[in-house]
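I have a new structure open today, and I am jotting down what I look up as I go. Come along and check each entry against the view.

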Amino acid sequence: MHTVKALLCCGSLLGLSLAACPYADPAALLKEKRADTDAPSPGLGQFKVDDGKGFLTSDVGGPIEDQNSLKAGIRGPTLLEDFIFRQKIQHFDHERVPERAVHARGAGAHGTFTSYGDFSNLTAASFLSAASKKTPVFVRFSTVAGSRGSADTARDVHGFATRFYTDEGNFDIVGNNIPVFFIQDAIRFPDLIHSVKPSPDSEIPQAATAHDSAWDFFSQQPSTLHTLMWAMAGYGIPRSYRHMDGFGVHTFRFVKDDGPTKLIKWHFKTLQGKASLVWEEAQVLAGKNADFHRQDLFDAIASGNGPSWELAVQVVDEEKALAFGFDLLDPTKLIPEELAPLQKLGIMTLDTNPTNYFAETEQVMFQPGHIVRGIDFTEDPLLQGRVFSYLDTQLNRHGGPNFEQLPINMPKAAIHNNNRDGAGQNFIHTNKFPYSPNTLNNGFPAQANQTTGRGFFTAPNRPATGNLVRALSPTFDDHWTQPRLFLNSLTSVEQQFIVNAIRFETSHLQSETVKQNVLAQLNRVSNDVAKRVAVALGLPAPAPDPTFYHNNVTAGLSIFNSTLPKIATLQVGVLASTNSSSSLEQAAALKERLAKEGVVVTVVGEVQGNGIDQTYSAADASVFDSVVVAAGAEGLFDPKTAASPLYPTGRPGQILVDGFRWGKPVGALGSASAALDSTGIPSSDAPGVFTGSDVEAFVTDLEGGLSQFKFTDRFPLDF
Ligand code: HDE
């Protein structure tokens, strides 16, 4: 095969010498490529700068002093000749690159993907070719709508973008924490984003869809309904980046070495368990700690509790693209797991924080077009457009074509090509013949393809026929069946949260037309939801519109009906009192005991010192997963004795009450059960409210409460 290729391609026909042919000795070629690729990964270490010693220098290396600018006379004007001043200020003036047009707010981390086996029966992708094979990864999580300084806990779809630095080049899964998307054709994306972003005149509201233009678009473009339901559920307000799944959203293709393909969907399944906030605590967090998710990820990794996900795929035969009653090319549809079970491929663990946010997290430039041998696109019109958009946006952000040379973007695999020059070119290419085909550089860099050099190849059996047409396939037309499937598959509390979220959002609408349109669309999904929203809007309940109503359910979509497999890294606030040494001792004992499970305790008191980590003036229930009162601190909760100039009146009680209202496990040790009475929290037989004097027994109960995470019986239902 190789010899045939060599004869065909290498110019024996053109009269060129066979010695110059890159295919003349493919085995040697492959060896050369492997030798390059197998070299120890350069990693990012070589780019790191340690300023721990040495003199301050200019950008070109000369030692300098930069505390004062150069002036003509001690009180005179600054001189243009002050290159030290100019260089410093100029660099500062150019410190920013344009923030991402969407997904501007995010946090990232490094880690490793380990393959569970040899999956060459499914794909030629080399990172999935052997059990225990390790591939470095960088993951960036994000929200979509907010600007770079917006709060982490804004209700939004969350980005989950993963770069695999494989030995055959970079592969990116630029996905979200929701398995479906709002629109079906990339050409609609600017419309979606313009409707969601702040108003062009006032630039209000930041990072929120609770405004007319967003719901105008949603109700005019019903393909948005499915993703909208997910965003209005707990998926829009995850507890942390670590407690959410990731999805590739589109259908992609796996391609085997010899060409056959399967349709696949990517899933990252969190091994921390799925968990979400409730809306009020998400809003409070936005003010109390706008960096809540960013800090959670950073701290978890720093404490050695880096998060893990299992990478899995749903695999479907090409012939079944339309077999399930919807089109697998339509990104607004999920494949119920009953129809295509998840096949686990490996585990990804994040264990290293970035050293420099800008250099790594801000400059990482993902692209759905970064694919490797063994993986191919489908004709999903959203995916097709994304393959263009991300390259384009990176050119804009970096200001030139060499962004792939930035340390965080550089593949670990060797790069040989004839791309040259451009702003910020870092390589010094020695080849004087940067074109192909050539003889003067012995035909190098040689061409690789399906049979030679393990080159990338487009799946050979991808069909494309038809007349040119500016339209969507009618197989994309049903926008209402799957949102209802999602709703049906949740618990009644989760359905209530969706209704509450839509009530919150639509209560911000000014336009009566938009309100009516929203109700009409909701009604096509569920008359029950439409009626419950209509009540809050003060509008008549719409009559049922049963065309798309059904009672089907699918597994795995609920967040609240399972317990967390791990409680390490969860946060417990222990409310103590500076004036009660026994409460301080007990808080310290709880801290030590819970640390054994990796649970982080923050001891709260009136003033700092004596083992108190945070004062009542700063503490808030929103940053804790559980609130516990230590015995001896109960006086702080008694309205008669609670006032103190050190913190707002009633603050300790408010922390306890909020913890309870937001569904968290709460508790009181020994005499502190009086604090439950003072604040009106039921102290006996109430799920998730723990009392007792024995610390060990209390901790066991509390741990069970933490893995339950939310006690949803505390939230009132409409019916
Ligand atoms: Fe993106 N998207 N997107 N998107 N997207 C960007 O690229 C775009 C879509 C997603 O952490 C931008 O580098 C278009 C779906 C993530 O750096 C931009 C369309 C999904 C991130 C862009 C979509 C995503 C982005 C902005 C419709 C889930 C952040 C900066 C065709 C599968 C990656 C950038 C990171 C970022 C365009 C739809 C996920 C403008 C045109 C569907 C996670 O290029």
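**Entry 1: a helix pair.** I started with helix 5 (residues 212-220) and helix 13 (residues 512-525) in this predicted model. Their axes come within 9 Å and cross at roughly 40 degrees. Which residues meet here? On the helix 5 side I found D212, W215, D216, S219 and Q220, and they meet V514, N517, V518 and Q521 of helix 13.

**Entry 2: the annotated active site.** Next I turned to the UniProt record, an unreviewed entry, where "active site" covers H103 and N176. The two are spread over 74 residues of sequence, yet they cluster in space, with a largest C-alpha distance of 10.5 Å.

I took H103 to begin with, and I found it in the loop between helix 3 (83-93) and strand 1 (106-115). Is H103 buried or exposed? I noted 23 other C-beta atoms within 10 Å of H103, so it is buried, the cut-off being 20 or more. Leaving out residues up to four places away in sequence, H103 touches S142, V144 and G159.

N176 sits in strand 4 (residues 169-176). I noted 26 C-beta neighbours inside 10 Å for N176, so this residue counts as buried too. Beyond its neighbours within four places in sequence, N176 is in contact with V157, H158, G159, F160, F247 and V249. I was pleased to see G159 turn up in the contacts of H103 and of N176.

**Entry 3: the annotated binding site.** For "binding site", the unreviewed UniProt entry lists Y390. I located Y390 in helix 10 (residues 381-398). With 18 other C-beta atoms within 10 Å, Y390 is partly exposed. What does Y390 touch, not counting residues up to four places away in sequence? I found F366, Q367, P368 and G369.

**Entry 4: the core.** Last, I looked up the largest nonpolar core, which has 161 residues. Those with the most contacts inside this core are V574, L575, A576, V629, A630 and L656.

Definitions and conventions:
Residues numbered from 1 in each chain as written. Predicted model: local features only at pLDDT ≥ 70, side-chain atom pairs only at ≥ 80, totals over all residues. Core = buried A, V, L, I, M, F, W, Y, C linked by C-beta atoms within 7 Å. Buried ≥ 20, exposed ≤ 12 C-beta atoms within 10 Å, placed from the backbone. UniProt positions renumbered as here; feature names shortened; annotations may be inferred. Helix = DSSP H or I, 4+ residues; strand = E, 2+ residues; numbered from the N terminus. Contact = placed C-beta atoms within 7 Å. Axes fitted to C-alpha atoms, helices over the stretch in contact; angles between N-to-C directions.
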